[in-house]
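User: I am new to this structure. Please take a close look at one part of it, the place where the chains meet, and tell me what is found there.

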Amino acid sequence: MQINISTSKNNQLVNITQDVQETVTKSDVSNGICFVHIAHTTAGITINENADPDVVRDILLSLDDIVKNLSGFRHYEGNSTAHVKSSLMGNSASIPIQNGKLQLGTWQGIYFCEFDGPRSRKAWVTCVEELNNQ
Amino acid sequence: MQINISTSKNNQLVNITQDVQETVTKSDVSNGICFVHIAHTTAGITINENADPDVVRDILLSLDDIVKNLSGFRHYEGNSTAHVKSSLMGNSASIPIQNGKLQLGTWQGIYFCEFDGPRSRKAWVTCVEELNNQ
Amino acid sequence: MQINISTSKNNQLVNITQDVQETVTKSDVSNGICFVHIAHTTAGITINENADPDVVRDILLSLDDIVKNLSGFRHYEGNSTAHVKSSLMGNSASIPIQNGKLQLGTWQGIYFCEFDGPRSRKAWVTCVEELNNQ
């Protein structure tokens, strides 16, 4: 199943936990794993704190500090830092499903990571049943 | 199944390979995938060398160098570097299972990454059978 | 199933998308997830742009800038930066399978990441069917 994400900033973390839960509900998987795959090379996915919005703000600030725009970069589109951030965050997440619900820690939210927006983006969700429990 | 981890330092890598293997054994999965999900936002998981203990020490040293405690951070708990390290390492791992055993490389161990300890932590393990082989 | 990779440089990203697709085809899985596990601690895996070869070149340049060879490193083999890069990129990838084909974004390729080559390396591929669709 596909989730569509519309980003409004160049660098942005968008909480997609609710969208992912809806695809889990539709999948009818009770116990297993939910995979989210981001179909882009200048975006990513991460799981981090959903309470204080300053956490995701600080993560973006830190990534800007970590990934310098080096004078030696050659990629003609000029967005190499976005590609590096994508590889650092990764473009897939796997989350346990228990009784039809995403099994996340108390403070965990699933975030789509935009590093070259604003753009229209998509994520693919696949749910797999854990058969050995049945 | 749940693994409980007790950390004793602020930043620490704890080898949990044996604990994960025990849950695989209990799951009765012969061939498939073992998923480990860390239920926290200031901790993570990584697979790295299990032989020379200086490797995990050097990884922690390097992460301290990479993730600076920026003056611009705003998260009121003051542990933004721990959240960033969590996203850099990731909070899930997927390891192949073959004949009921974790299929790891010779030098690979599974490490719980504590970035804001000491604390009591937990990881959830889910094992999925690879049905196409049966 | 195993993929063998022969690297020719110390730091190198090798496109293994075609090799992974071949194992998916052999697995007979129609819809599900393909897991790739790198069996080494100084190598990794990432998904990034397959069009302009300067992107993977810039990623390697950026990783060299991010992961400094610190004077405080103690690992006797002297390749701690390779271990850190391995943990930053991660050593497993999960990619959706649809109708027997890897479901990747238009610009996405799967790259084996060599950080301590040249060497002979291996990756393990496991395909799991998404049963709820059947």
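Analyst: Over all chains, this predicted model holds 15 salt bridges. One of them joins A:Asp64 and A:Lys85, with the closest N and O atoms 2.7 Å apart. The two residues sit in distant parts of the chain, 21 residues apart. A:Asp64 belongs to helix H2 of chain A, residues 54–66. A:Lys85 belongs to helix H3 of chain A, residues 80–89. Side chains of opposite charge can pair when their charged atoms come close.

A word on the chain that holds this pair. Chain A has three helices and eight strands. Read from the N terminus, its elements run β-β-α-β-β-α-α-β-β-β-β. The C-alpha trace of chain A spans about 55 × 30 × 25 Å along its principal axes.

Now to the place where chains meet. Take chain B against chain A. Chain B brings 31 residues to the contact, and chain A brings 32 residues. Together the two chains bury about 2600 Å². Carbon and sulfur atoms carry 59% of that area. On chain B, B:Thr41, B:Ser87 and B:Trp124 supply 19% of the area buried against chain A, more than any other three residues.

What holds charge to charge across this contact? Between chain B and chain A the count of salt bridges is zero. Polar contacts are there, though: 14 residue pairs, both partners at pLDDT 80 or more.

Next, turn to the side of chain B that touches chain C. Here chain B gives 32 residues and chain C gives 31 residues. Chain B and chain C bury about 2600 Å² between them, with 59% on carbon and sulfur atoms. Zero salt bridges are found across this interface. The polar contacts come to 14 residue pairs, again with both at pLDDT 80 or more.

The list of elements on this side of chain B reads as follows. E3, strand E4 (43–49), helix H2 (54–66), H3, strand E5 (92–98) and E8 of chain B each give two or more residues to the side that touches chain C. H2(B) gives the most, with ten residues. The residues of this side divide into 15 nonpolar, nine polar and eight charged.

One more feature involves chains A, B and C. A search of the whole structure finds three cavities of 30 Å³ or more. The largest cavity holds about 630 Å³ of space. Its lining has 38 residues. Which of them lie closest to its centre? They are A:Ser92, B:Ser92, C:Met89, C:Gly90 and C:Ser92. The lining of the largest cavity divides into 18 nonpolar and 20 polar residues, with no charged ones.

Definitions and conventions: Residues are numbered from 1 along each chain as its sequence is written. Chains are lettered from A and ligands numbered from 1 in the order in which they are written. This is a predicted model: local features need pLDDT of at least 70, side-chain atom pairs count only at pLDDT 80 or more; totals for chains, interfaces and linings use all residues. Side-chain values use heavy atoms; hydrogens and water are left out. Contact means heavy atoms within 4.5 Å. Buried area is the accessible area (1.4 Å probe) that two parts lose on being put together, summed over both. A salt bridge is a side-chain nitrogen of Lys or Arg within 4 Å of a carboxyl oxygen of Asp or Glu. A polar contact is a pair of N or O atoms within 3.5 Å; within protein, one must be able to donate a hydrogen and the other to accept it, and residues adjacent in sequence count only if both atoms are side-chain atoms. On a 1 Å grid over the protein atoms alone, a cavity is a set of points where a 1.4 Å probe fits but cannot get out, and a pocket is an open set with protein on both sides within 12 Å along at least five of seven lines; lining residues have an atom within 4 Å of a point. Grid points are joined across faces, edges and corners, and a volume is the space filled by probe spheres set on the points. Ala, Val, Leu, Ile, Met, Phe, Trp, Tyr, Cys and Pro count as nonpolar, Asp, Glu, Lys and Arg as charged, and the others, Gly among them, as polar. Helices (H or I, at least four residues) and strands (E, at least two) are DSSP runs, numbered from the N terminus.
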